[in-house]
Amino acid sequence: MSITVYNTLIRKKVPFNTIEPGRVRMYVCGPTVYDHAHIGHGKLYISMDMILRYLRYTGLDVLYVQNITDVGHLLDSGEDRIMKGARREQTDPMQVVERYMRSYMDDMDALHNIRPDIMPRAAGHVPEQIAAVEQLIKNGNAYEVNGSVYFDVSSFPEYGKLSGRKIEELQEGTRLNTRAEKRRPEDFALWKRADPEHIMRWNSPWGEGFPGWHIECTAMAIKYLGANFDIHGGGLENVFPHNECEIAQSEALSGETFANFWLHAGSLTVSGVKMSKSLGNSVTIQDALNEYPAEVIRMFVLSSHYRSPIDYSKEAVDAAYKGWQRLIGPALSVQQILLTTQESDAAQSNFSSTIKQTRDDFKTAMDDDFNAPKAIACLFDFAKDVNGLLSEYPRPDDATLQSIAEVYNDLAGTVLGLLPANSTTSVNRDNELIEILVDLRKTARKQKDFATSDAIRDKLATIGVILEDGQSGTTWKTGFSNLSE
RNA sequence: GGCGACGUGGCCAAGUGGUAAGGCAGGGGCCUGCAAAGCCCUUAUUCGCGGGUUCGAAUCCCGCCGUCGCCUCCA
């Protein structure tokens, strides 16, 4: 195995090795479902999806778990996010959860993110969480006060090893008023007692309450992946406190190393600043998908390294849009040529070295901490080579075209998810109809009836069929068909 | 205040010791009835600034400036 990854835990790029040969167990923190997902979520999960896809592409058997948080998240105001959503929409909290969980799944599907193998929900794992808290108390890492249970940070000397924070510094830097009942301000909640008005509540050994935020990931990751697993992924802004607390709880609980590799994706800003409701600059995934095809959003995200922060702006995504069209244009052309023309006196092309080079370079780039932007650059080089080949006459032989299509399917499609979903579904009758129109246009052009020929070209363009006149006649392609403008 | 990330051409962005990938935009040319697409050429003696290490640094070290994120429950 030759993959290297940047491990946040040690702040270095290191060789990636799995606990079990050929198998990867991977956990990624999922969203709190109380509102529609925004493109910040989209960025994170596209990054993680790319990593998942590549690991699988290299032949690893990946078990991918991503949770859904549907309890207990508090706002700065002390308000429960889901209850806030419920009040806003005048519905039951669990109805809110269902609604936005489905919305989230729809968004992820639309972005072509592969679904996790297991998506456990926090509310469905309260017994596991209670058991974890009980064990932590038994181990001497947690204490109960007034029906709430807190993790005693001083009992875990390695606290801070992920984020590089020191407990002493935390005490100085605390910005919020902390609950007086905690022994130390940096202790964090494992279980919270429910105030009378709190709707989401469960019975526990400490009375009615609800689980703290971090404990769900500990309980569910351990349940489905074991106490020690390979990869834990998430957003960079969750390093502290969330991931740090997860490590403390989990390792205090089991005595084992929690995750071997911590992978964090850079955050997304909108026109230079973080999204927030109060600034009114929030862009949902649905908003973005109304503007651009999913592949373009993926192209935009994957154009910079997953650990880098990116800034969402019209200019940047428009540029990605153009780049994407250039990138996959040859793939669409190759498919159309294979579908609509015959290999007659096709030239025997010697393109295999280019294909091998492309696959090798792509792999080298991706092996180096999933360097998708560099991998995409390899595909741009490939696109240029393919365009050159396609401009020759007669057209390349079928075998060459097939192997080009395979490169696109594997690298741009399977690994990066950049090929249009419907690009391979060509209905024969549609093809024949288009051929008829192309023929009519050819006749019109011969008669110098350019009004007719241009009308045919323009009208086909409005339904996503692009005609291109070349030396060997007119070719056409679809696949950009869901594009507006 | 602390912790962390980042600062590469007009814009986006690779590059972690060996002499600046790629994309977008711009300019010139070829092709075209006109287009579109494509192809060729072209745009950073230079990598926030100042020192240092080295035969050699965008890459390592020190200092400074700037942007962003996090600092107890936001992916």
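Author: On a 1 Å grid over the protein atoms alone, a cavity is a set of points where a 1.4 Å probe fits but cannot get out, while a pocket is an open set with protein on both sides within 12 Å along at least five of seven lines; a lining residue has an atom within 4 Å of a point. This is a predicted model, where local features need pLDDT of at least 70, side-chain atom pairs count only at pLDDT 80 or more, and totals for chains, interfaces and linings use all residues. Residues are numbered from 1 along each chain as its sequence is written, chains are lettered from A and ligands numbered from 1 in the order in which they are written, and side-chain values use heavy atoms, without hydrogens and water.

Reader: What makes up the lining of the second largest cavity?

Author: Ile-39, Gly-42, Lys-43, Ile-46, Leu-111, Leu-268, Ile-285, Ala-288, Ile-297, Phe-300, Val-301 and Tyr-312 line it. H1, helix H8 (285-291) and helix H9 (294-302) each give two or more of these residues (helices, H or I, have at least four residues and strands, E, at least two, as DSSP runs numbered from the N terminus). H1 has the largest share, four residues. The space is about 60 Å³, a volume being what is filled by probe spheres set on points joined across faces, edges and corners.

Reader: How do you know which class each residue of that lining belongs to?

Author: Ala, Val, Leu, Ile, Met, Phe, Trp, Tyr, Cys and Pro count as nonpolar, Asp, Glu, Lys and Arg as charged, and the others, Gly among them, as polar.

Reader: How many cavities of 30 Å³ or more does a search of the whole structure find?

Author: Two. The largest holds about 100 Å³, and its 13 lining residues include Gln-66, Met-108, Asn-113, Ile-114 and Pro-116, which lie nearest its centre. H3 supplies four residues, the largest share of that lining. By class, the lining has eight nonpolar, two polar and three charged residues.

Reader: And the second largest pocket: what lies nearest its centre?

Author: Ile-337, Ser-472, Gly-473, Thr-474 and Thr-475, from a lining of 36 residues. About 960 Å³ of space lies there. H10 contributes the most, eight residues, and the lining divides into nine nonpolar, 16 polar and 11 charged.
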